[in-house]
Amino acid sequence: MSEYRDCVQSFGEQGGRLTYGSYLRVPELLAQQVPQSSPAAHDELLFITIHQAYELWFQLLLHELADARDRMLAGESYLPRVRLERCHAVEVLLVGQVDVIDTMTPQDFLAFRTLLAPASGFQSAQFREIEFISGLQDPGFLERLRGLSPAEEERLRRRLAEPTLWDGYLALLAAHGFAVGSDDEVLAALVAIARDRERHGALWDLAEALIAHDQAWSLWRARHVLMAERQIGAKPGTGGSAGSPYLRSRLDTRFYPALWALRAAL
């Protein structure tokens with residue numbers, strides 16, 4: 001009996017041999033931050049950590065957004081809203097995370113920025129996947145993106161071919177008897193839903209979750225451009241983009257124009 005207790009104490013519940021570090025692969029995770037500067041630039045570790053954390057959150061967002069879309073296509077309305085509310089919580093965190101990188105001064109960034117070229121956040125395949133699945137499907141990005149691996153390019157092409165979250169929502173509206181064959185019919189359906197929330201509460205709440213996702217992504221874009229201007233001003237991006245002017249050109253981008261147009265129609 002004492003041997004069993006010793007086993008449990010050594011390896012966790014039911015004799016399991018998982019540990020915190022092995023389950024989360026902490027040694028492997030912490031080995032992924034590899035600064036390139038020599039002599040070492042103090043803030044390069046901050047820069048790498050922030051952007052790797054973004055990619056982990058992007059992976060989770062794609063997991064949740066794909067499930068929300070698939071469930072809407074299957075006729076569900078409750079769990080898609082739950083998934084989108086989780087995404088919104090993550091996106092609030094992403095916006096707040098910019099405050100951490102803003103603790104880096106322009107001088108500290110310049111100590112290693114030249115080493116980044118031609119790498120750029122513009123090349124984040126997962127960021128583009130999120131835009132694609134959310135409804136902003138622009139095939140032109142595949143021509144403009146440089147440095148994609150074959151696997152990343154294949155994922156982006158797959159996202160372009162897949163239904164979007166908006167496709168899922170329109171399928172759900174059609175399943176509830178609304179006509180969605182034209183923009184005017186979609187707007188009429190949204191107005192009807194908005195004016196009878198007692199009857200169409202689940203569809204209204206889901207529309208609000210979609211627009212919250214859209215708004216949060218817009219807030220992230222706006223916060224990101226301010227951060228970039230604080231760090232490098234009007235300099236071109238390391239990947240060859242126009243830098244701040246390009247980022248500002250994306251500020252008015254919306255995933256769901258119909259949900260924004262609805263406000264004026266009420």
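The following questions and answers go through a predicted model of one chain.

Me: Which conventions apply to the numbering and the values?
Reply: Residues are numbered from 1 along each chain as its sequence is written. As the model is predicted, local features need pLDDT of at least 70 and side-chain atom pairs count only at pLDDT 80 or more, whereas totals for chains, interfaces and linings use all residues, and side-chain values use heavy atoms, with hydrogens and water left out.

Me: How many helices and strands are in the chain?
Reply: Helices (H or I, at least four residues) and strands (E, at least two) are DSSP runs, numbered from the N terminus. From that end on, the elements run α-α-α-α-α-α-α-α-α-α-α-α-α-α. The counts are 14 helices and 0 strands.

Me: What percentage of the residues in the chain is buried?
Reply: Buried means under 20% relative accessible area, exposed over 50% and partly exposed in between (1.4 Å probe, protein chains only). The chain has 266 residues, and the buried share of them is 39%.

Me: Among contacts in the chain between residues at least 6 apart in sequence, what percentage joins residues at least 24 apart?
Reply: A contact means heavy atoms within 4.5 Å. For contacts between residues at least 6 apart in sequence, the share that joins residues at least 24 apart is 71%.

Me: Why is α7 largely enclosed by the rest of the structure?
Reply: The buried residues of α7 are A125, Q126, F127, R128, E129, I130, E131, F132, I133 and S134. They pack against α4, α8 (140–144), α9 (150–161), α10, α12 and α13 (244–249). Helix α7 is largely enclosed because its buried residues number 10 of the 10.

Me: Which residue just after α7 takes a positive phi?
Reply: The phi in question is about 130 degrees, and the residue that takes it just after α7 is G135.

Me: Why does the pair of F47 and F112 count as edge-to-face?
Reply: The structure holds 13 aromatic pairs, where rings of Phe, Tyr and Trp (its six-membered ring) pair if their centres lie within 6.5 Å, with planes under 30 degrees apart counted as stacked, over 60 as edge-to-face and the rest as tilted. The centres of F47 and F112 are 5.6 Å apart, and the pair is edge-to-face because the planes stand at 65 degrees.

Me: How many residues apart are F47 and F112?
Reply: F47 sits in helix α4 (residues 44–73), and F112 in the loop between α6 (106–110) and α7 (125–134). F47 is buried at a relative accessible area of 17%, and F112 is buried at 0%. The pair links distant parts of the chain, and its separation is 65 residues.

Me: Which residues form one aromatic cluster?
Reply: F127 is one of the buried residues of α7. The cluster it belongs to is formed by Y54, F58, F127, W217 and W220.

Me: Which residue lies over the face of W260?
Reply: A charge sits over a ring if NZ of Lys or CZ of Arg is within 6 Å of the ring centre and within 35 degrees of the ring normal. At 5.3 Å from the ring centre of W260, the residue over the face is R254.

Me: How are α10 and α12 oriented to each other, roughly parallel or roughly antiparallel?
Reply: Axes are lines fitted to C-alpha atoms, for helices over the stretch in contact, and angles run from 0 to 180 degrees between N-to-C directions. The axes of α10 (residues 165–175) and α12 (residues 197–232) come within 12 Å and cross at roughly 170 degrees. Angles under 35 degrees count as roughly parallel, over 145 as roughly antiparallel, 65 to 115 as roughly perpendicular and the rest as oblique. The two helices are therefore roughly antiparallel.

Me: Which residues of α12 are met by residues of α10?
Reply: By class, this contact has 9 nonpolar, 1 polar and no charged residues. Ala, Val, Leu, Ile, Met, Phe, Trp, Tyr, Cys and Pro count as nonpolar, Asp, Glu, Lys and Arg as charged, and the others, Gly among them, as polar. From α10, L165, W166, Y169, L172 and L173 meet L203, L206, A207, L210 and H213.

Me: Which residues does V186 contact, leaving aside neighbours within four places in sequence?
Reply: V186 is placed in helix α11 (residues 183–195) and counts as buried at 7% relative accessibility. Its contacts beyond those neighbours are W166, L170, A179, V180 and A258.

Me: What is the phi of R25?
Reply: R25 lies in the loop between α2 (20–24) and α3 and counts as exposed at 58% relative accessibility. Although R25 is not a glycine, its phi is positive, at about 55 degrees.
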